[in-house]
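Dear colleague,

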Amino acid sequence: MTAHQIPSTPPFLLDPDKQLFINGSWRQALSGELIETRNPATGLVLARLAKGTGADVDLAVKAARAAFEGPWSQFTPHQRHSLLIKVHDVIDRHFEELAMLDTLDMGAPLSRTLKAKDRVLQTIMFCATQSMNCLGQTIPNSLPGNFTTMTVKAPVGVVGGIIPWNGPLIGQWWVIGGALASGCTVVLKPAEDASLSVLRTAELLLDAGVPPGVVNVVTGLGAEAGAALAEHPDVDRIAFTGSTVTGRAVIRASAVNMKRLQLELGGKSPDIVFADADLDRAVPGAAMGVFNNSGQICYAGTRLFVQRQIQDEFVERLVAYGKTVKVGDPLDPSVQMGPLVSERQLHRVLGYIDQGSAEGATLAGGGKRLEGALSQGYYVEPTVFDHVNNDMTIAREEIFGPVISVIPFDTADEALRLANDTDYGLGGAVWTTNVKTMNQMMHGIKAGAVWVNCYGAIDLAVGFGGHKHSGYGWKGGTQHIDGFLYQKAICINYD
């Protein structure tokens, strides 16, 4: 991508009337209040969003329920499949605009958001194929007489999707795609720090032929609109991606009507490098396993375990690599790392950096907020701590920033013990050329996803999920659509 290929500012940003999207139309929040969202690259106000509350969520849920019980319920699997193909084509045509909205809203480099196109479109097509495969079974029965027994799968109903700010462009499709494939309807509550691409997508879905009320969006604060959605007694399922603390609140709220849940929560993933690893691959792989998206990825490999005999060399190379990562204006096509999403997140990350030094870790590289021309944005240098032990705060708590903690180990057994000494279990990785070590690590790491000589690769056909405090439920694979369905047994007596 060159400078002349940068998409223009989306007209969507210039329309103040596009606030809540309910039942296929735009409306103001009942309170009439607005909240500001800022461009993290400049610190300037980007847009003013409707401050939705429980009353607005109730309207959206009612619209979703009416659509679910109404015309949407008449769509056959073939019709839903055909509709998803139309959706794919509309999103394809408007993807540059959506990528620009995400970049302006949450700070990811435009080069990165544009590259998400293949993944977003693949997700839509994957869901389209799954819409034709919501299969039950006809089962040979043991009942006396003339009976047929079978199972069928049916949509659970209204799904609430609480979308994180670190990747709304793709994150929303784990909910929208599953709903359109299964026959459910949706109320989305995007993060207040990054709502714009979700709002625009809802509008585009209407253009693609999705009936009014099938996809609704309520913006607002998590403690108000998000909590109201999680607690609403007419929401049948919640899909939530975010912190473990908020995930626990969602679990408690779900008890009101025993909602089904899919939760992708926090992580403190181990990335283990053995002395026999190919360091030319392991250094950039481990570095970008954290620096990618400014460290704002739940499965980032922030606990980097390095075998002691290569520790000094690896840290030296890691710090040198960090200095080559270009940090800056996310609209610059050559930039690899943009700002953190908000001033609040900036101070959170800087606070962890101060705490790491205070607890005795060695700040080997980075660790500062960028100054000069970028001083008004929320930028932090790629940061590497050395001589970290697994009990330090920076090794225990999710930082959600570009901060790597290097922890030495001697043996494979020790590496595995340290790797699993965490409340989280979202991801993990190992770098080695020894097949026996690969086998021990990939089976021994207690996490929903494990990578060998790579980091962060996601195959839609397989999917991923969390373990321990990192949540439960599955994204991708055949299990993904099953999460939007319930199974019923049918017994027919022909006599």
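I begin with Ser-254, which is buried because its relative accessible area is 6%, below the limit of 20% that applies to buried residues. Please keep in mind throughout that this is a predicted model. Ser-254 belongs to helix H10, residues 244–254, and, when neighbours within four places in sequence are left aside, Ser-254 is in contact with Ala-230, Lys-259 and Leu-261.

The C-alpha atoms of Thr-432 and Leu-279 are separated by 9.4 Å, although the two residues are 153 residues apart along the chain.

The open sheet of seven strands

Seven strands form an open sheet with mixed pairing, in the order S14-S15-S16-S13-S12-S18-S19. Its edge strands are S14 (362–365) and S19 (449–452), each of which pairs on one side only, and the twist from one strand to the next averages 25 degrees. Helix H13 (residues 343–358) packs on this sheet, where it touches S14, S15 (383–386) and S16 (403–409), and the direction of H13 makes about 25 degrees with that of S15.

Within this sheet, strand S12 (residues 270–273) has Pro-270 and Ile-272 pointing one way and Asp-271 and Val-273 pointing the other way, with all of these residues buried. S12 pairs with S13 (residues 303–307) in the parallel sense over four bridges, and Ile-272 stands opposite Phe-305 in S13. S12 also pairs in the parallel sense with S18 (residues 427–431), here over three bridges, and the bridge partner of Val-273 in S18 is Trp-431. S18 in turn pairs with S19 in the parallel sense over four bridges, with Gly-427 standing opposite Ala-449 in S19.

In the loop between H11 and S13 lies Asn-293, which has a positive phi of about 55 degrees although it is not a glycine. At a relative accessibility of 4%, Asn-293 counts as buried.

Another positive phi of about 55 degrees in a residue that is not a glycine is that of Asn-23, placed in the loop between strand S1 (20–22) and strand S2 (25–27). Asn-23 counts as partly exposed, because its relative accessibility is 43%. As background to both residues, most residues other than glycine have a negative phi.

The open sheet of three strands

An open sheet of three strands has the order S5-S6-S24, and its pairing is antiparallel. Strands S5 (137–139) and S24 (485–493) stand at the edges with a single partner strand each, so one side of each has no neighbour in the sheet. Neighbouring strands in this sheet are turned against each other by 20 degrees on average, direction ignored. S5 and S6 (residues 147–155) run antiparallel and are joined by three bridges, with Thr-151 in S6 as the bridge partner of Gln-137.

Cores and helix H8

The largest nonpolar core has 60 residues, of which Val-87, Ile-91 and Leu-188 touch the most other members. Not counting residues up to four places away in sequence, Ile-91 touches Leu-98, Val-120, Leu-121, Ile-124, Trp-173, Thr-201 and Leu-204. Apart from this core lies another, of 43 residues, which includes Ala-287, Leu-304, Ala-449 and Tyr-455.

Thr-201 and Leu-204 are among the buried residues of helix H8. Of the 13 residues of H8, 11 are buried, so the helix is largely enclosed by the rest of the structure. H8 covers residues 196–208, and at 1.5 Å a residue it should span 18 Å, which agrees with the 19 Å between its end C-alpha atoms. The residue that follows H8 is Gly-209, whose phi is positive, near 110 degrees.

With best regards

Notes. Residues are numbered from 1 along each chain as its sequence is written. This is a predicted model: local features need pLDDT of at least 70, side-chain atom pairs count only at pLDDT 80 or more; totals for chains, interfaces and linings use all residues. Side-chain values use heavy atoms; hydrogens and water are left out. A nonpolar core is a set of buried Ala, Val, Leu, Ile, Met, Phe, Trp, Tyr and Cys residues joined through side-chain atoms within 4.5 Å. Buried means under 20% relative accessible area, exposed over 50%, partly exposed in between (1.4 Å probe, protein chains only). Contact means heavy atoms within 4.5 Å. Helices (H or I, at least four residues) and strands (E, at least two) are DSSP runs, numbered from the N terminus. The expected span of a helix is 1.5 Å times one less than its number of residues. Two strands pair if DSSP finds at least two bridges between them. Axes are lines fitted to C-alpha atoms, for helices over the stretch in contact, and angles run from 0 to 180 degrees between N-to-C directions.
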